[in-house]
Amino acid sequence: MEKLMTERELKASFDEAVKEGHIFVMYQPKMNHSTGRLIGAEALMRWRHPEYGLQYPSDFIPMLESNDLIHRADLCVFEQVCRFQKSIMESDIRPVPISFNMSRIDMLHDGYIEEIEAIRSKYDIPVKLLHVEITETSAVGGMELVLGVLNKLHSIGYMVEMDDFGSGYSSLNVLKDLNVDVIKLDMRFLSGDIGGRGGTIISSIVQMTKWLNTPVIAEGVETIEQADYMKSIGCSYVQGYLYSKPLAGEDFIEKLRSFDHEPAAAAMHLISEMDAGRFWDPNSLETLIFNSYVGAAVIFRYHNGKCDILRINRKYVKEIGMNMTEKEILCSDPFAGFDEANLKKFTDTLERAAASYDEESCETWRTVCSKICGEDKICVRTDLRMIGKADDEYIYYATVRNITSEKKRFGEVEESERKFRMASEQANVYAWEYIFATKQMRPCFRCIRDLGVPPVVENYPAPLFDSGLFPRDYEEMYYDMLKKLEEGQEKAEAIIPLTVSRIPFHVRYTTEFDETGKPLKAYGSAAIVIEGEG
Ligand code: C2E
Ligand code: CA
Ligand code: CA
């Protein structure tokens, strides 16, 4: 039967426990919930007392800490982990990184890192197979100590995981200053309700950690709902009873044998000088610059063909228009509005930028939808640059310009030209449009090719009477016809002998009106009078 030890009993039996191997290690797997693969494990200390039975850390670690024994216990665990990794390396199984817990008290112990390094070199374990877990409470009572330890561990090459993230009230501040490589987010601190406030807190933490480019492991994951939820917000690494309880060494080796493993994604490497941590701080200079000086800008992540927006500035919200809120934009799937061709154009640009490390641009149409404006199609010019990159994950910085109205004008011209072309090719007719307000005439390509009309005729129709294309004796009648159209007549037609050879053409006009009913332009056409007509 298990029984709690008193402090006196614990102190009395500690030396023997270390010597006799009563203090031992269990290994809890860390998994990628998206791939079902093993990515690592955490070493957890246990004490099997000959009289009192199995003891759990919560029952003895505080006593070890207050009696300055924890550092010896942690070194004992560390040595067992090294020995364990060594035995795996010598077998035919591929090892995964194993993390060990570092107590806040260990940090106070001068020479602790030198001691673990001596053990590591004794067993000759590559530093990448050992991760360190520190807790955010280590920062209590001063940042300097933790920062010093963190820098020292980093300079040796240890990956450092921030344990129990979310347990302290100052979590976000601590994270901003401590450059850890992985964040362990404990689901148990957010009791249950992933649909409610807990979920909002988690998803904003995960969103923010993307900003800091730090991968997250959810720990204490007990249900498939929790794991699926974490996956849905972009956090696929999980540890907890759902996959496995802490295992004895030999059982963990069985897991290693039967599961595929994969390396956890490397921390995002920021290419630019930009300091992501400060970027997230609403009061930093970077945020000020982002909001005030760069025009409409967006930062997004591209991963496995999917895109999520990490951050936009105020001008971006304005530029896209549609009266959307920042939150609506952040929550939308930016690729959803693209048709296939525009999506390809956009992703090709992303790939070009990833290859060139330079600015690349594209103009793409997309459908946007907002509560207020409903659905609309907009054209956006994007100038983008890759600013960060991990294995298959890219971060881009882009400035955007909404060029829909420019494009629409251009598109309309193209559209009428296309109509002209079709009409003239089909029926051997010449076509043009005449804009009342500007007295401009734009002919179809056949007018240009066959009749020598310039692409734009100003002060229409005078130059065509001057050139002899239109007969002088029809001048008065023709001006009168245009005047009636401009005054609102919907249609007009006449037989007019055109060109110096005075070939009879059937000339027809149709007026186009704007929304207010004002005549805008007239579409003209001229077809050779076929014998029998007229
Ligand atoms: P921790 O570092 O947060 O370790 C995770 C704890 O959560 C472990 O408890 C683990 O057994 C438990 N756990 C894992 N998955 C689940 C789950 O799905 N549901 C629930 N309810 N619990 C889960 P454990 O082994 O009792 O360790 C407790 C704490 O003791 C650890 O918390 C760590 O702070 C400390 N500790 C453990 N081993 C060591 C060590 O070697 N050195 C030091 N300094 N501290 C250690
Ligand atoms: Ca831990
Ligand atoms: Ca933890």
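Reply: Happy to! D466 is exposed, since its relative accessible area of 55% lies over the 50% cut-off. In this predicted model, D466 pairs with R472 in a salt bridge whose closest N and O atoms are 2.8 Å apart.

D15 and R72 join their side chains in a salt bridge, with 2.9 Å from N to O. This pair ties together distant parts of the chain, 57 residues apart: D15 sits in helix α1 (residues 7-20) and R72 in helix α3 (residues 70-90). With a relative accessible area of 47%, D15 is partly exposed; R72 is partly exposed too, at 35%.

Another pair to look at is E114 with K152, a salt bridge in which the closest N and O atoms are 2.9 Å apart. Here the partners are 38 residues apart and again link distant parts of the chain, with E114 in helix α5 (residues 112-123) and K152 in helix α6 (residues 143-156). E114 is partly exposed at 43% relative accessible area, and K152 is partly exposed at 36%.

To place these pairs in context, a search of the whole structure turns up 27 salt bridges. And to return to where we began, R472 and D466 are 2.8 Å apart at their closest N and O atoms. Elsewhere, K30, E42, E133, E161, K184 and E219 are joined into one network by salt bridges that share partners.

Technical notes. Residues are numbered from 1 along each chain as its sequence is written. Chains are lettered from A and ligands numbered from 1 in the order in which they are written. This is a predicted model: local features need pLDDT of at least 70, side-chain atom pairs count only at pLDDT 80 or more; totals for chains, interfaces and linings use all residues. Side-chain values use heavy atoms; hydrogens and water are left out. A salt bridge is a side-chain nitrogen of Lys or Arg within 4 Å of a carboxyl oxygen of Asp or Glu. Helices (H or I, at least four residues) and strands (E, at least two) are DSSP runs, numbered from the N terminus. Buried means under 20% relative accessible area, exposed over 50%, partly exposed in between (1.4 Å probe, protein chains only).
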